[in-house]
Amino acid sequence: MAIIENGRTKYIPQQFERKWQDRWEEEGLYRAQDFSDKPKYYLLDFFPYPSGDGLHVGHSKQYVGTDVATRFRRMRGDNVMHPMGWDAFGLPAENEAILQQIPPYENVPKNVANFKRQLRLQGISYDWSREINSSEPDYYRWTQWLFLLMFKRGLAYRGIGMQWWCPQCKTILANEQVENGYCWRHHDQLVEKVALEQWYFRITDYAEELLESLNHLSWPERIILMQRNWIGKSTGADITFQARDAQGVEYPIRVFTTRPDTIYGATFMVLSPEHPLVDVLTTEEHRARVTQYQQQAARQSEIERLSAEREKTGVPTGGHAINPFTNKEIPVWVADYVLMSYGTGAIMAVPGGDERDWEFAKKYSLPIVRVVEPPSPTEGSDDVYAGIGVMVNSGPYEGMQSEDAKSRIIAELEQRSVGHAATNYRMRDWLVSRQRYWGAPIPIVYCESCGIVPVPEEDLPVLLPTLEHFEPGEDGRSPLALDPDFVNAPCPKCGGSGRRETDTLDTFVDSSWYYLRFCSPHDDQAPFDRTAVRYWCPLDLYVGGAEHAVMHLLYFRFFTKVLADAGLVEFREPAPRLLNQGTMHAPDGKRMSKSKHNVITPDSVAEQFGADTLRGYIVFMSPYTGDAQWDPQGINGIHRWLGRVWDLCQKPARKSADREPQAEELKRWVHKTIKRVTADMESLEFNTAVSALMELTNALQRLRPALEGSEAWGWGVRSLLTLVAPIAPHITEELWHSLGHQRSIHLESWPTYDDALTLDEVVTVVIQVNGKLRDRLEVPRGTEMQSVQEQALASKRVQPYVEGNQIVKVITVPDKLVNIVVR
RNA sequence: GCCGAGAUGGCGGAAUGGUAGACGCUCCGGUCUCAAAAACCGGUGGCCGCAAGGCCGUGCGGGUUCGAAUCCCGCUCUCGGUACCA
């Protein structure tokens, strides 16, 4: 320790931070105890993928914040669980392994070790005894078990369909993983459509509950909104139109519409190019054009669909259908603005009431009938109007309000058996199979005589073989398909020869239940111990980036609901409270990334300033939920502050008695600060908590000459240290021990305050004339406002503005302000 | 296009109807030093003024109020989400 003068030392964090990190871990300070009389608090960070790039200070923004909250909660007396684990399966790990020519089963542990080292050097207080890794058999064994649970409950099924294929990932993607037609991992890679048989989870069975219970979550509004939009519920009706082919054979075309009230305006129908009835209804004279259109749509639909204001295209089939309400024959067209994947893949087109249909009708000169009049007729009558209003051209419904007509028309549909009320969701089932190596094998065997056979629970895990060649092929088959030892397996049912499923599970399956595993991370009898889960879950606070708004957060809610229905958990929402930490940008304002060479690592900052300065700066620079930009200059402020805290705790030059009024002032400062910091910690507003602590530090420094060595002084310094402890755990621990304490400061109780002492004895009352500030008066708190008003009127600064004017009224707010209104 | 969030000094930000700019960064001046760095002390929204002090000021325009960064109406810009969902 560098001693500078008369026993005082200099703040050199590098000399002691490591020492405390090691000691905390040896003593198991942060181990969560299963079951306790204390209130439990389960705080979880989103499951991170341990990238080979390691952590940068952007990650620290999240992890330091949750760590501060965790440490605060412990001092408040909660039994806290704050675990950490690794979302180690999946494409990023596999791609990285391929790039480095190291198999993922060797590369991942290396990366994990580096992540742990980086988290430790920041003084983050995880309970490492609960560490989990989704790519290890004792974890994915239970991921497979949960797949089987889905299978048993009829929620896992195989289906054929047009799927999104990313040529770079060389695998199928779920809908949620396609952004604007591009792969979510390769933002310049357009996805392609291929027809494949895949495994799905029936998440749509839960669409309604997933939507409804959003209303009861304490989540950021925009995340709730994004989920709501994703689920995309719409209500209306299913209606069947009768169509005829050239031979006069009738075929029903089922459509979904949100506006059954506009049915009298349905002047044509549109089928999506993939619709099965297209081939049937197309007449010979139109067949060539229709077939050509279908091929063209299949080939370029995704690229074309991206051009923003693309003109609609389509061709007539030559077939016709009957509008069941007007009884008129209407033409059936094919157009790619109707998607096979939504609703029924067919629509009734109402050009008078729908902008898209209107645009199409205009282009191809199809009839347009307005059936709903706007409340105030404005534009030309051939214009489209999609709102609600009064019914016209609608037979018996003429003159009715369109909303009333809607329910009556639905009733008529049902009565005539040509349709019924219906609800549609935009969300589709979750495609979970991936044609890649690095994931949990799907525990299924295909048997020639028994068909699809689940692997018995007692035979789990289906081990992922340690392949030397794990690169994905070009043929859409998993590398596992090339390993005969893996593929060939006896049928669990009949013992005959079978083939294993060679696709692996989407990583989002792994992360859909990890929060449960932390409750009993080493359980070898079940995915989780139900008693432990009953104690710890649901999460008290869940923190992560907004980029998982739809995918992970939807999937893990779905899993929880399935587990609840299976009687395995007793709650239906895993995370009633969720927070998104803001994003940290590099000093150049861009996103921090290795490829942009603008990464700032916690290692380099901690080496230069110490972990506490890093932590303090990260929480101080911007609100926790707000974005930030790393400013290499700004960190000096925190380092100076901690240096001042250090100095305050150095041996007093002398011993003295409490001196008034300074002792009283200090007392009020401390109580006031405890109140502010407690409130800020509770609401995770760490930036203002640091401000308050800096103010207390400054006050102590100012009062030092009068109070140093006194009882009040010692109490003030100890209070400061306990309040700073969650933010800067190392320096406070070091100083705490230097003050003679044996036990860790992190085992101290959070200080309490007396509300009466959080207010100053003297208050500043603001004197305004017509709302403009003219003077300030210092008066004892609680002074009668009548007397303050008199003093205000007597003030030399106030008088010039009052003299010669008539006082209309005087507004007073006790201990705050006097506003003299003159004319 | 639609939905959402936001705009406060040179910078990060504070204040959610009552002293705008807390707390920091930067910069300027001072102390210490042979000197520099570090540290410490003081100043730092703009304009006018020697000063006392005054005027202006929270994206823009209006409104409500004794009083508006804060509430209401209209607009501009920025960021995020979404994209033919019938």
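Trainee: What does Asn 770 count as at 46% relative accessibility?

Mentor: This is a predicted model: local features need pLDDT of at least 70, side-chain atom pairs count only at pLDDT 80 or more, and totals for chains, interfaces and linings use all residues. Residues are numbered from 1 along each chain as its sequence is written, chains are lettered from A and ligands numbered from 1 in the order in which they are written, and side-chain values use heavy atoms, without hydrogens or water. Buried means under 20% relative accessible area, exposed means over 50%, and partly exposed lies in between (1.4 Å probe, protein chains only). At 46%, Asn 770 is therefore partly exposed.

Trainee: Where is Asn 770 found?

Mentor: Helices (H or I, at least four residues) and strands (E, at least two) are DSSP runs, numbered from the N terminus. Asn 770 is not a glycine, yet its phi is positive, near 50°. Its place is the loop between β32 (762-769) and β33 (772-780).

Trainee: What is phi of His 597 near?

Mentor: His 597 sits in the loop between β30 (584-585) and α17 (602-609). His 597 is exposed, because its relative accessible area is 74%. Its phi is positive, although the residue is not glycine, and lies near 55°.

Trainee: Which residue does a cis peptide bond join to Cys 537?

Mentor: The bond has an omega of about 0°. The partner is Pro 538.

Trainee: Which residues is Pro 538 in contact with, leaving aside its neighbours within four places in sequence?

Mentor: Contact means heavy atoms within 4.5 Å. Pro 538 counts as partly exposed because its relative accessibility is 23%. With those neighbours set aside, its contacts are Lys 40, Phe 571, Glu 573, Pro 574 and Pro 576.

Trainee: How many aromatic pairs are there?

Mentor: Rings of Phe, Tyr and Trp (its six-membered ring) pair if their centres lie within 6.5 Å; planes under 30 degrees apart count as stacked, over 60 as edge-to-face and the rest as tilted. The count by this rule is 43.

Trainee: How many residues apart in sequence are the parts that the pair of Trp 86 and Trp 128 ties together?

Mentor: The two rings are stacked, at 6.2 Å centre to centre with 15° between the planes. Trp 86 is buried at 0% relative accessibility, and Trp 128 is buried at 11%. Trp 86 is in strand β5 (residues 85-86) and Trp 128 in the loop between α4 (104-120) and β6 (132-133), so the separation is 42 residues.

Trainee: How far from the ring centre of Trp 24 does Arg 71 lie?

Mentor: A charge sits over a ring if NZ of Lys or CZ of Arg is within 6 Å of the ring centre and within 35 degrees of the ring normal. Lys 672 does this at Trp 669, 4.6 Å from the centre. Arg 71 lies over the face of Trp 24 at 5.1 Å.

Trainee: What is α18 relative to α19?

Mentor: Axes are lines fitted to C-alpha atoms, for helices over the stretch in contact, and angles run from 0 to 180 degrees between N-to-C directions. Helix α18 (residues 611-620) packs on helix α19 (residues 635-648) at about 125°, with the axes 9 Å apart. Angles under 35 degrees count as roughly parallel, over 145 as roughly antiparallel, 65 to 115 as roughly perpendicular and the rest as oblique. So α18 is, relative to α19, oblique.
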